[in-house]
Amino acid sequence: MDKNQKINCTVTSCKYNNKGCQKCELEQIIVTPIIGCETKQPDESMCSSYKHEQN
């Protein structure tokens, strides 16, 4: 895996999202499976590193 991997993100309510370039500013994220969801589609997982942006 590339050590310079980038995570693009369009979740604008997340405090780690750099909205100017739609990039996650965390060095790493945690991706968690959604229990009981077995669609074999992207909705089977979610970003557990999400934090709501406090204004």
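## Ser-49 and its surroundings

A polar atom of the Ser-49 side chain lies 2.7 Å from the backbone nitrogen of Ile-30. This is a polar contact, that is, a pair of N or O atoms within 3.5 Å; within protein, one must be able to donate a hydrogen and the other to accept it, and residues adjacent in sequence count only if both atoms are side-chain atoms. The model is predicted, with local features needing pLDDT of at least 70 and side-chain atom pairs counting only at pLDDT 80 or more, while totals for chains, interfaces and linings use all residues. Residues are numbered from 1 along each chain as its sequence is written, and side-chain values use heavy atoms, with hydrogens and water left out.

Where does Ser-49 sit? Ser-49 belongs to the segment after β4; strands (E, at least two residues) and helices (H or I, at least four) are DSSP runs, numbered from the N terminus. With 12% relative accessibility, Ser-49 counts as buried; the classes are buried under 20% relative accessible area, exposed over 50% and partly exposed in between (1.4 Å probe, protein chains only). Beyond its neighbours within four places in sequence, Ser-49 is in contact (heavy atoms within 4.5 Å) with Tyr-16, Leu-26, Gln-28, Ile-29 and Ile-30. From C-alpha to C-alpha, Ser-49 and Cys-14 are 9.2 Å apart in space and 35 residues apart in sequence.

## Asn-17 in strand β1

Asn-17 is part of strand β1 and is buried, at 6% relative accessibility. Its side chain reaches two backbone oxygens: that of Val-11 at 3.0 Å and that of Cys-9 at 3.4 Å.

Which residues touch Asn-17, leaving aside its neighbours within four places in sequence? Asn-17 is in contact with Cys-9, Thr-10, Val-11, Thr-12, Gln-22 and Lys-23.

Most residues other than glycine have a negative phi. Gln-22, one of the contacts of Asn-17, has a positive phi of about 50 degrees although it is not a glycine. Gln-22 is in the loop between β1 (17-18) and β2 (23-24), and counts as partly exposed because its relative accessibility is 43%.

Lys-40 is not a glycine either, yet has a positive phi of about 60 degrees. The loop between β3 (31-33) and β4 (45-47) holds Lys-40. Is Lys-40 buried or exposed? Lys-40 counts as exposed because its relative accessibility is 75%.

## The salt bridge

Side chains of opposite charge can pair when their charged atoms come close. Taking a salt bridge as a side-chain nitrogen of Lys or Arg within 4 Å of a carboxyl oxygen of Asp or Glu, the count comes to 1. The side chains of Lys-19 and Glu-53 form this bridge, at 3.2 Å from N to O. The pair links distant parts of the chain, 34 residues apart: Lys-19 is in the loop between β1 and β2, and Glu-53 in the segment after β4.

Lys-19 is partly exposed, with a relative accessible area of 39%. Glu-53 also counts as partly exposed, at 29% relative accessibility.

## Cysteines

How many disulfides does the structure hold? The structure holds 0 disulfides, a disulfide being a pair of cysteine sulfur atoms within 2.5 Å. Cys-37 is in no disulfide, and the nearest cysteine sulfur, that of Cys-47, is 16 Å away. Cys-37 is buried, with a relative accessible area of 18%.

Cys-47 is partly exposed, with a relative accessible area of 38%.
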